[in-house]
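Trainee: I would like to go through this model and ask what stands behind each label.
Mentor: Go ahead, one label at a time.

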Amino acid sequence: QVQLVESGGGLVQAGGSLSLSCAASGSTFSRYAMGWFRQAPGKEREFVAAISRSGVITDYTNFVKGRFTISRDNAKNTVYLQMSNLQPEDAAVYYCAAGPFMATMEASFPYWGQGTQVTVSS
């Protein structure tokens, strides 16, 4: 089992950048594919990005392609989400998740962090 703790959320102006981190503990980090999801008020949680166990393969939802970058450091047991050109519609609670294989569906990730708030002012 793996425990996940996100950090790095905060308030940023539209067009700005923010970097999220998710630190894992409790199990061998490199055994898990990792994902980032987000949930805005009144909306369902949605897929943002995912990365394979080795970090070689990444996947993004269309509305963040070219703006967000997911990466991982298996030596530091950490996955990152670098976000740039943030827009008000990017405001949400961002969650990291771990699972046995890379996917875009929530159900594929058994382990979740508590989330970190990202607020974007216009």
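Trainee: Which residue's side chain meets that of glutamate 106 in a salt bridge?
Mentor: The partner is arginine 45, at 3.1 Å from N to O. Keep in mind that this is a predicted model.

Trainee: Why is the contact of glutamate 106 and arginine 45 called a salt bridge?
Mentor: The label requires a side-chain nitrogen of Lys or Arg within 4 Å of a carboxyl oxygen of Asp or Glu. The N to O value here is 3.1 Å, so the pair qualifies under the 4 Å cut-off. In general, side chains of opposite charge can pair when their charged atoms come close.

Trainee: What parts of the chain does the pair of glutamate 106 and arginine 45 tie together?
Mentor: Glutamate 106 lies in the loop between E9 and strand E10, and arginine 45 in the loop between E4 and strand E5, so parts 61 residues apart in sequence are tied together.

Trainee: Are glutamate 106 and arginine 45 buried, exposed or partly exposed?
Mentor: Buried needs under 20% relative accessible area and exposed needs over 50%. Glutamate 106 has 32%, so it is partly exposed. Arginine 45 has 25%, so it is partly exposed as well.

Trainee: How many salt bridges does the rule give?
Mentor: The count is 4. Another joins the side chains of arginine 38 and aspartate 90, at 2.9 Å from N to O. Arginine 38 is in strand E4 and aspartate 90 in the loop between E8 and E9, 52 residues apart.

Trainee: What makes arginine 67 and aspartate 90 count as buried?
Mentor: The limit is under 20%. Arginine 67 is at 15% relative accessibility, so it passes. Aspartate 90 is at 1%, so it passes too. Arginine 38 is also buried.

Trainee: Which residues make up the network of salt bridges?
Mentor: Arg38, Glu46, Arg67 and Asp90 are linked in it.

Trainee: How do you know that cysteine 22 and cysteine 96 form a disulfide?
Mentor: The sulfur atoms must be within 2.5 Å. Theirs are 1.9 Å apart, S to S, so the pair meets the 2.5 Å limit. The count by this rule is 1 disulfide.

Trainee: Where in the chain are the two cysteines?
Mentor: Cysteine 22 is in strand E3 and cysteine 96 in strand E9, 74 residues apart. Both cysteine 22 and cysteine 96 are buried. Their link is right-handed, with 45° about the S-S bond.

Trainee: What makes E3 a paired strand?
Mentor: Pairing takes at least two bridges between two strands. Strand E1 and E3 have 5 bridges, and E3 and strand E8 have 6, so both pairs reach the limit of at least two. Each pairing is antiparallel. Within E3, alanine 23 is the bridge partner of valine 5, and alanine 23 also stands opposite threonine 78 in E8.

Trainee: Why are E1 and E7 said to stand at the edges?
Mentor: The open sheet has 4 strands in the order E1-E3-E8-E7. E1 and E7 each have a single partner strand, so one side of each is left without a neighbour in the sheet. From one strand to the next, the twist averages 15°.

Conventions:
Residues numbered from 1 in each chain as written. Predicted model: local features only at pLDDT ≥ 70, side-chain atom pairs only at ≥ 80, totals over all residues. Heavy atoms only, no water. Buried < 20%, exposed > 50% of the residue type's maximum accessible area, 1.4 Å probe, protein only. Axes fitted to C-alpha atoms, helices over the stretch in contact; angles between N-to-C directions.
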